[in-house]
Structures are given as structure tokens and as C-alpha cells.
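The following exercises are meant to be worked with the sequence and the 3D view side by side. Please try each task before reading its solution.

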Amino acid sequence: MIQALRIGIAGLGTVGSAVLRLFDEKAKTLALRCGRPLKIVAVSAKNLKRKRGIAINSYKWYDDPLKLASSEEIDVFVELMGGEQGIAYLSVERALKTGHHVVTANKALLAHQGIALAKLAESKGLLLNFEAAVAGGIPIIKLLRESFSSNRISRVYSILNGTCNYILTRMRDQGLSFEQCLKEAQNLGYAEADPTLDIEGNDTAHKLALLTSLAFGTVIMLDDIYIKGIRNISLEDIRAADELGYRIKLLGVTIKSDTGIEQRVQPTMVPTSSMIAQVNGVTNAIAIESDLIGKLFLSGAGAGGNPTASAILSDITDIAIFSQITAQNIPVFGRPTNILKPYKKSAISPNSTGYFIRCSVDDCTDLFSFIAQELAKNHISLKTIIQKSLSDNKSKPKQTILLITHQTSEFAIYKAFNTLMQNGTIVNKPQIIRIESPV
């Protein structure tokens, strides 16, 4: 008989518990698909007595995940603890050095330490699989690493954070404030008690860094991503976008051009008619543009126990298959680390679709001429101007000005509006949101 693939899991939170439960349900099907038995033999977590809704007494318990990672009783180490440093990194490193394949859902770890860990895995002829680290149940890692090998990819844009997409969707559908929607997301378990990583865009940036490396064959460069979160998106912005025919989404975008690679995470207006505008709630989406396939759009569950566990079980199944048929495993980032290209950063490109600008002003004569003159000095032309009253105070009424520009750069807009703030033409910091025209 073919020996069972022995699996150890470190981390038994929502995802780890879902892996155990689904494995019990799917073990026979998985064995048939990969041609050998699979067996979870050991687990590790912070608290043995925590209620998880599933029995764990049939598995060997390890208080220390490092000991599990180096145990000779396992063939695959599954890391579900989280964190870019500390025990998560040390455990994955220990497992690879011991000769164990690794599966992880840890995007922060890979965004910071992925190249070093990939080199170690490749030197040992081991697989380091991380489908669950990006977009949950959407099989984007396998797609980029294997299925797109003959394609030249030019752009990837994506919704990669379900918490942010949920908040923006609820703001639009229910007319609630950002703070109200964030509290609701926390109560439902979609957002952490400290939501900073999500709403400031860093979670999306971790995932985008991995997609960029896979798409363009470069080393990971997390620090070169322009990051802007959704904390400052107001209900007024949501309503203005709707009035103008747009929806606001937190997009992670990576583009390859002759000058280098541009990576950015920022709130973006997309046309209501576009496919990505229809991605609501906690759902994720990824669009790829390439020379052979053209445009490909994928959407699905980006987080949660079952979708993430599904990706983890898929990674384990791949290991069961490949470890039987070859000693030379698929490179972690689609290409051997020794031929990954150095990362060349490109400046954020001028946007052909333009920008949305919202600002408040004191109503006065020749107001628009002041704004138009300053924008013209910075080579910014306007497509749309809408003026709305903010106050019934007749002595000094305030106005909201909504502007849509023609092609320009974010730098030029900020330069113009810094001057307008300094000379008192506008009375607050403007809201500036990039407009995109995706599929």
C-alpha cells in the first residue's frame, strides 16, 4: 500500500477548525483524487481546552508548534497561526529545514519573508503552498503559478479585503456612516477588534505583493506599494459616486510597463456598469489582463472558515500528488527564486480616466475662476463640475464642490489643491479618489 501523507496543523482558530471538520467529511474523496491516503496525525494551538465544535482527542497534541514542525511523525506542516515574524516564521523555517512540505494561509509572513522561505523550500526540493493566503476560495495562486505560464500579464486589479468591501457596500445600500458599518462588521466577525490592518489597506497590500511576484516574475517588494485605506471615505463620497454613475471599491492594482512595475492600494471609483462594481459584501474579485487570454475575471468567497479551508485542502492534495511523481517540485512563486527579476518601481501613472475631487468652499464671487485658474496652472482640465449647498447660513453659506477631471496625475491635483488651501479658496482638505475603467 502507498503510505499515507501525514499532516500536522498548527493553529486551530476558525480556519484550522474548519480544516479538521472538512477533512473528516472529505477524506475518502481526497484520497481518491490524489491516489493515496491522507491523515491528520498531530495538532498544536495556544489552548488545548478551547471549545472548537470538533473533537481533537484523536490527534497527537503539541504545546509547542516548533516541536510539531520538526516532528518525524509528519510529512506536511500546515501553518495557520498568523503573524509575519515570531513563532509562525520560526515554525515554517523549522519544518522546511526538517524536510517537511509546508502549507500556509499567512499572507503577512510571505509578503515579508516569502523569498527567503521559497529559497529554502527549493533547496530542499519541497513544496511551499499558499493558495489560502490570497482571496480565500478563489484559486488565483495556482492559476498564476501554473495556468498562466505562457501568458505575458500586463495588469492585475482586485478586491482582496472582504471587510472593506462589506463596509463600502453597507454604506451605499443602507446609507450608514463608516463608523456604523465598521461596528456592524466587527459584531458579525468580519472585522477584528483592531481593524487597522484591513481598513488602512495593509492586508490588501500583503496579498497584492504576492500577486505581483507571481504575475511578473519579480522578487516581492511590499515597501514599494502605494497604500491608502478607506477610513476617510464618507457617506457623502458614496452618495456622490452613486449620483455620478460610480461605486467606490478598495482596489489592489499592479501594472507592468516599459518603465517598471506600479503597485497601489487605494479607494477607487469604478463605473456602476463594470463587473467589479457588482462585487458586494465580503466577496473578493480578481481581474487579469494578458496577451493570450485577454481579460479574465474571477469572483468568490475571499475569507471565512470553509472557503479558506477548501484552499488549504487543495494545497495538501497537490502535495500528495506531486510528492509521488517527481522529486523536482513547482517553484513557490512560479519561477525558481534564483531567476526572479529584481523589482523595478514605476511611478504612479497619470490616470486617463481622471479623478473625483470633493471639497468645501465659502460661497463667494469668482470662486470657480480661482479654482479653474489654479488647476490650469497644473495642466488639469475638468470634465464635470457640480455645486451643492452645505448650509442654510445665509450670512456665509458653504458649498460642496464635486469635480471630475480629465486625464491627469494625483501629484498635480495635490499640488493645485495645496495652493487653494493655503490661499483660503477651499476650507478643508479635499477628498481625492482615482477613477478606473476595469471590466
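A residue is called buried when its relative accessible area is under 20%, exposed when it is over 50%, and partly exposed in between, as found with a 1.4 Å probe on protein chains only. The model is a predicted one, in which local features need a pLDDT of at least 70 and side-chain atom pairs count only at pLDDT 80 or more, while totals for chains, interfaces and linings use all residues. Residues are numbered from 1 along each chain as its sequence is written, and side-chain values use heavy atoms, with hydrogens and water left out.

**Exercise 1. Aromatic pairs**

Solution. Begin with the rule: rings of Phe, Tyr and Trp (its six-membered ring) pair if their centres lie within 6.5 Å, and planes under 30 degrees apart count as stacked, over 60 as edge-to-face and the rest as tilted. In one of them, Phe 130 and Phe 333 lie 5.4 Å apart from centre to centre, with 45 degrees between the planes, a tilted arrangement. This pair links distant parts of the chain, since Phe 130 is in the loop between strand S6 (128-129) and helix H5 (140-147), whereas Phe 333 is in the loop between helix H11 (305-325) and strand S13 (355-362), 203 residues apart. Helices (H or I, at least four residues) and strands (E, at least two) are DSSP runs, numbered from the N terminus. Phe 130 has a relative accessible area of 0% and is therefore buried, and Phe 333, also at 0%, counts as buried.

Next, the ring centres of Tyr 166 and Tyr 190 are 5.0 Å apart and the planes stand at 65 degrees, so this pair is edge-to-face. Tyr 166 lies in helix H6 and Tyr 190 in the loop between helix H7 (178-187) and helix H8 (196-199), so the pair ties together parts that are 24 residues apart in sequence. Tyr 166 is buried at 10% relative accessibility, while Tyr 190, at 37%, is partly exposed.

**Exercise 2. Arg 172 and the largest cavity**

Task: work out which residues Arg 172 touches, and which residues line the largest cavity.

Solution. First place the residue: Arg 172 is in helix H6, residues 162-174. Taking contact as heavy atoms within 4.5 Å, and leaving aside residues up to four places away in sequence, Arg 172 touches Ile 238, Arg 247, Lys 249 and Asn 280. The side chains of Arg 172 and Asn 280 are also joined by a polar contact of 3.5 Å; such a contact is a pair of N or O atoms within 3.5 Å, where within protein one must be able to donate a hydrogen and the other to accept it, and residues adjacent in sequence count only if both atoms are side-chain atoms.

On a 1 Å grid over the protein atoms alone, a cavity is a set of points where a 1.4 Å probe fits but cannot get out, and lining residues have an atom within 4 Å of a point. The largest cavity is lined by Leu 168, Arg 172, Ile 238, Asp 242, Tyr 246, Arg 247 and Ile 248. Helix H6, helix H10 (235-244) and strand S9 (246-257) each supply at least two residues of this lining, and S9 gives the largest share, three residues.

Finally, look at H10 itself, where Leu 235, Asp 237, Ile 238, Ala 240 and Ala 241 are buried. Among the elements that cover these buried residues of H10 are H6, S9 and S13.

**Exercise 3. Strand S7 and its partners**

Task: decide which strands pair with S7, and in which sense.

Solution. Two strands pair if DSSP finds at least two bridges between them. Strand S7 (residues 153-159) is mostly covered, as six of its seven residues are buried. With strand S11 (residues 283-290), S7 pairs in the antiparallel sense over six bridges, and Ile 159 stands opposite Ala 285 in S11. S7 and S9 also run antiparallel, joined by four bridges; the bridge partner of Ser 158 is Gly 252 in S9.

Note on methods. On a 1 Å grid over the protein atoms alone, a cavity is a set of points where a 1.4 Å probe fits but cannot get out, and a pocket is an open set with protein on both sides within 12 Å along at least five of seven lines; lining residues have an atom within 4 Å of a point.
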